[in-house]
Amino acid sequence: MASLLSFGVTGVNGYQVHVEVFGTESMPGIEIIGLPDASVKESKDRVNAAIINSGKQMNPRRITVNLAPADTKKEGPCFDLPIAVGMMIADGILIPDPPTDLKSVALFGELSLDGSVQPINGALPMVISAKENGISTVILPEKNACEVSCIQDIRILPVSHLRQVIAWFEGKMELAEQKQVSFEALKNEAVPVVDMAQIKGQKGARRAVEVAAAGGHNMLMIGVPGSGKTMLARCIPGILPPMTFEESLETTRIHSICGKLQAGKGLMVNRPFCAPHHNASVASLIGGGQDAKPGEVSLAHNGVLFLDELPEFSRSALEALRQPLEDGIVSVARVRRQAQYQSSFMLVAAMNPCPCGFYGSNRRTCRCTPPEIRRYLDRVSGPLLDRIDLQIEVDSVPINEINDSEPSESSAVVAARVRKAREIQLKRYEGTGKYCNAQLTNAEVKQFCTPDAEGTALLNAAVDSLHLSMRAYQRILKVARTIADLAGEETISSAHIAEAVQYRELDQKYWR
Amino acid sequence: MPASAVRKLLDYYGSSEACHEAVCRNDDGLKELISQRFYQLLYSTGTKENLEKLQKVMDRHGIRSLVFTDPGFPSSLHEIHDPPAILFMQGNKECLRDRSLAIVGSRTASYTGQKAAGRLAEDLGRHGITVISGLACGIDAAAHRGCLDGKGLTIAVVGNGLDRVYPADNLGLHDDILKNGGLIISEYAPGEKALGWHFPVRNRIIVGLSRALILMEARIRSGSMTSVNHALEQGKDVFVYPGDPASDCFEGNHQLLREGGLYFTSANDILEDLHWLDNPSAVRQNSDCVQGYKPSTPEEKTLMNALKPGALSFEQLIACTGLNPSVLMSTLTILQIRGVIEALPGKQYQIKH
């Protein structure tokens with residue numbers, strides 16, 4: 001009889017699993033109990049082959065493997081490694097020397113037939129959970145070592161073959177410990193995926209992107225095909241303030257359980273950028289499936305969710321975005337499993353102004369009729385638009401400007417200004433649990449975003465003459481707050497209001 | 001039944017009542033006047049129940065009919081080739097007067113074209129001219145709407161029965177026309193659908209009812225050009241709006257201008273050409289006249305100067321003025337609020353005329 005510790009994942013959290021192995025003199029065979037799913041059941045064949053290929057020979061006995069707690073569904077191949085070690089100990093062909101305290105060691109990893117240890121999904125939440133459970137040593141696949149290298153006060157022993165594990169238990173070999181990498185060191189390696197220096201012209205849109213990033217505002221870009229909407233969106237993660245350790249941990253956890261981490265990289269330092277295609281289903285966006293897996297909104301947690309061709313997304317998918325946009329969290333409930341995933345992201349959407357894409361372009365004539373244009377715009381519902389603070393039109397850049405060699409401002413310069421504005425906001429909202437202007441409620445807008453007399457007069461005049469709605473009124477105040485923060489000014493003046501009005505393109509008369 | 005066949009009956013019997021009587025007593029002359037096919041049609045559909053049903057629908061929608069021989073039938077339509085035999089009307093008949101002008105143009109018109117049409121119709125309406133158009137989208141709708149804004153009377157000639165509105169988008173406009181003393185006309189009986197070929201045919205009525213035709217925006221092969229042809233056949237003046245030559249939306253306009261269409265830029269030009277200008281000061285320019293606006297800051301001044309030659313996009317404005325984007329945006333907003341400039345689709349701006 002042997003008992004080892006391992007970990008499984010439910011939602012974004014790891015949980016402790018006892019792997020108990022018991023051998024008897026009976027009809028030879030292996031049975032795994034404790035609600036294993038198909039991939040766990042298949043593990044017995046992998047384990048058998050891996051043990052033989054590591055130079056050990058099992059005695060023909062009947063072996064029962066129990067995964068406790070027995071009432072939780074176990075899934076994934078991560079129990080291969082503890083099962084293999086447990087079987088050898090129970091069989092007496094592996095004798096720990098010196099007798100290791102098996103209660104302080106946790107193992108997980110997938111085995112292949114030749115005995116090598118393969119990476120698994122969810123290593124980060126498992127190690128975090130191991131640390132919380134007071135475990136001092138974790139043996140895990142070499143390829144998962146990087147993502148957990150920022151976890152302190154726990155010994156991490158990466159392995160690449162079952163033979164190493166056997167030798168370590170027998171005391172014949174020391175395993176090299178994973179070097180700890182501080183988060184600060186990782187942060188220095190962060191590079192924006194697309195640098196704003198690559199964007200030529202588009203000064204208006206660049207400014208809008210900067211404002212959106214500074215206040216964490218959701219943004220909608222409307223423009224003719226090829227005007228650079230996608231490129232602008234890709235720049236945003238690079239100019240947002242760098243992730244804090246907690247944020248990075250939250251985001252990396254979600255990516256870890258989905259197996260979306262880049263091999264050889266530690267905690268994520270670049271904010272995620274998720275751009276699902278417009279045929280995405282509700283479940284893939286929000287999360288779901290049999291096992292209530294996280295969706296794109298959670299993968300974009302602390303980053304940017306980019307929806308290109310917004311009106312082409314199904315109505316139900318867009319409506320489902322409203323809860324995560326509002327609460328920063330999604331509850332995914334399925335018959336077998338329920339999970340909550342964090343999903344506070346910045347929504348950046350792009351769309352054409354009309355079905356043919358050329359409404360308002362002076363390069364090609366639009367061939368759409370007014371009802372067609374209206375129907376197209378109506379596909380994006382009011383409640384969703386309600387949650388998008390900035391709506392801007394992006395014009396295409398003339399070819400001579402693209403070839404213009406004059407360099408544009410780089411992401412680093414813009415990011416510095418954004419960071420300053422965010423610091424001001426952090427200070428202002430200290431203790432309220434908010435950290436950027438976009439999160440303000442209407443009551444808080446009244447408290448924090450009251451412009452001076454001239455600004456109020458201007459805003460009222462704008463509402464009057466440009467036929468803006470009451471909804472737009474609140475949004476303009478929020479955005480004006482951000483513009484003032486970018487300028488480092490405490491009071492919102494008329495110039496800030498006047499600029500914010502320009503970010504309400506969809507409220508312009510010609511759209512309706 | 002085509003208008004020509006009905007007219008033949010009316011000519012022969014003298015009035016609609018006499019026609020009806022003839023049909024009722026199965027007059028021998030009928031067969032000689034119209035072809036076998038129409039004769040059968042007359043007896044299969046012209047039953048008593050059908051007529052009563054028609055009368056009921058007309059009563060419900062407040063539709064009246066005018067027959068070719070009636071004294072109130074618009075005299076201008078007597079002069080055209082193939083006039084309609086019966087006109088169905090809804091609304092204020094007073095709109096039918098001598099000083100009427102037709103405004104026509106593309107259904108998928110450019111923003112500038114629609115704006116210009118609206119402004120022109122507004123000025124004409126203010127000057128007491130009846131604006132006639134076809135209740136379609138684009139230029140037609142802009143013209144009706146503009147005329148209503150100028151407190152003028154407007155007539156819509158449609159290509160379907162008056163118990164329905166086509167296109168449905170213009171339902172609001174349709175109601176506004178009736179509410180503001182306008183008139184809706186059709187030669188199609190209630191119940192008739194809007195068929196594609198009805199529209200070019202009804203254009204002859206639009207032109208027939210008006211003294212002159214104003215073409216706002218048309219491509220070379222377009223429905224608006226059939227209106228122009230009707231106008232030329234009927235010997236009416238054709239005024240052509242000189243749109244932007246760079247845009248292919250106005251290619252028809254420029255072809256016509258080359259071939260001798262009358263050039264105009266404002267309502268004033270048209271009224272002068274038609275000698276309708278009793279009191280020149282009565283025609284105001286547009287209500288939002290900005291000629292006198294004095295820029296209050298240096299930024300406003302540079303911006304206004306940059307926009308003088310025509311509409312520019314935001315990026316072009318940055319290049320022209322050298323202002324930084326955030327300053328430019330706030331200046332644009334302030335000038336927009338003051339009503340000096342207006343935003344066009346595609347993030348373009350222009351000085352309001």
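**Exercise 1.** Which handedness, left-handed or right-handed, has the crossing of α7(B) and α8(B)?

*Solution.* This is a predicted model, in which local features need pLDDT of at least 70, side-chain atom pairs count only at pLDDT 80 or more, and totals for chains, interfaces and linings use all residues. Residues are numbered from 1 along each chain as its sequence is written, while chains are lettered from A and ligands numbered from 1 in the order in which they are written.

Step 1. Locate the helices: α7 of chain B covers residues 111-126 and α8 of chain B covers residues 139-149. Helices (H or I, at least four residues) and strands (E, at least two) are DSSP runs, numbered from the N terminus.

Step 2. Consider the geometry. The two helices pack at an angle of about 35 degrees, with their axes 7 Å apart. Axes are lines fitted to C-alpha atoms, for helices over the stretch in contact, and angles run from 0 to 180 degrees between N-to-C directions.

Step 3. Apply the convention: a crossing is left-handed if the near helix is turned anticlockwise from the far one by less than a right angle, and right-handed if clockwise. The crossing of α7(B) and α8(B) is right-handed.

Step 4. Inspect the residues that meet. Among them are Ala117(B), Leu120(B) and Leu124(B) of α7(B), and Ile139(B), Ala142(B) and Ala143(B) of α8(B). Contact requires C-beta atoms, placed from the backbone, within 7 Å. By class, this contact has 8 nonpolar, 5 polar and 4 charged residues; Ala, Val, Leu, Ile, Met, Phe, Trp, Tyr, Cys and Pro count as nonpolar, Asp, Glu, Lys and Arg as charged, and the others, Gly among them, as polar.

**Exercise 2.** Determine the order of the open sheet of 5 strands in chain A and its edges.

*Solution.* Step 1. The order is β11-β14-β17-β10-β18, with parallel pairing; two strands pair if DSSP finds at least two bridges between them.

Step 1. β11 (273-274) and β18 (390-394) of chain A each have a single partner strand, so one side of each lacks a neighbour in the sheet.

Step 2. Within the sheet, β14 (residues 304-307) and β17 (residues 346-351) of chain A are joined by 4 bridges, and Leu305(A) is placed opposite Leu347(A).

Step 3. α8 (residues 229-239) of chain A touches β10, β11, β14, β17 and β18 of chain A, and its direction makes about 170 degrees with that of β17(A). Helix α7 (residues 203-215) of chain A lies across β10 (219-223) and β18, at about 160 degrees to β18(A).

**Exercise 3.** Describe the pairing of β4(A) with β2(A) and β3(A).

*Solution.* Step 1. β2 (residues 13-24) of chain A runs antiparallel to β4(A), over 7 bridges; Gly23(A) has Ile63(A) as its bridge partner.

Step 1. β3 (residues 29-33) of chain A pairs with β4(A) in the parallel sense over 5 bridges, and Glu31(A) stands opposite Thr64(A).

Step 2. Separate the faces of β4 (residues 62-68) of chain A: Ile63(A), Val65(A) and Leu67(A) form the covered face, whereas Arg62(A), Thr64(A), Asn66(A) and Ala68(A) form the uncovered one. In a regular strand the side chains alternate between the two faces of the sheet.

**Exercise 4.** State how many residues each chain gives to the contact of chain B with chain A.

*Solution.* Step 1. Chain B gives 26 residues and chain A gives 29 residues.

Step 1. On the side of chain B, α16(B) provides the largest share, 9 residues.

Key. Two residues are in contact if their C-beta atoms, placed from the backbone, lie within 7 Å. A residue is buried if 20 or more other C-beta atoms lie within 10 Å of its own, exposed if 12 or fewer, and partly exposed in between; C-beta atoms are placed from the backbone.
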